[in-house]
Amino acid sequence: AVDSGNDALRLLRGNESFDLVVLDYRMPNLDGLGVLREMVSIAPSTKVLMVSAYGSIEMAIEAMSIGAHDFLRKPFGGQA
């Protein structure tokens, strides 16, 4: 886990590879869409699940058009 968009990109540019990244929209330094834009060239085979408590249909469409595999709104879960 990292605390900012810049930290996420630094980790992705390192020697580790990831099958899946869960990416929040709101992060310090660089938001999730900015990280996602960079990720498509740094780690094109990594699937990205974008999440946000502040998401909209437009944000979900933008994230998926950039390359996110899916988009989920927080909080997760629901009533049983």
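Residues are numbered from 1 along each chain, and side-chain values use heavy atoms, without hydrogens and water. The model is predicted, so local features need pLDDT of at least 70 and side-chain atom pairs pLDDT 80 or more, while totals for chains, interfaces and linings use all residues.

I then placed threonine 46 in the loop between helix H2 (32-42) and strand S2 (47-52), where helices (H or I, at least four residues) and strands (E, at least two) are DSSP runs numbered from the N terminus. Threonine 46 is buried at a relative accessible area of 10%, buried meaning under 20% with a 1.4 Å probe and protein chains only. Beyond neighbours within four places in sequence, I found threonine 46 in contact with Phe18, Asp19, Leu20, Val21 and Met39, contact meaning heavy atoms within 4.5 Å.

Next I turned to helix H1 (residues 5-12), which packs with H2 at an angle of about 5°, their axes 10 Å apart; axes are lines fitted to C-alpha atoms over the stretch in contact, and angles run from 0 to 180 degrees between N-to-C directions. That makes H1 roughly parallel to H2, a term for angles under 35 degrees. I listed Gly5, Ala8, Leu9 and Leu12 in H1 as meeting Val35, Glu38, Met39 and Ile42 in H2.

Note on methods. Buried < 20%, exposed > 50% of the residue type's maximum accessible area, 1.4 Å probe, protein only. Parallel < 35°, antiparallel > 145°, perpendicular 65-115°, else oblique.
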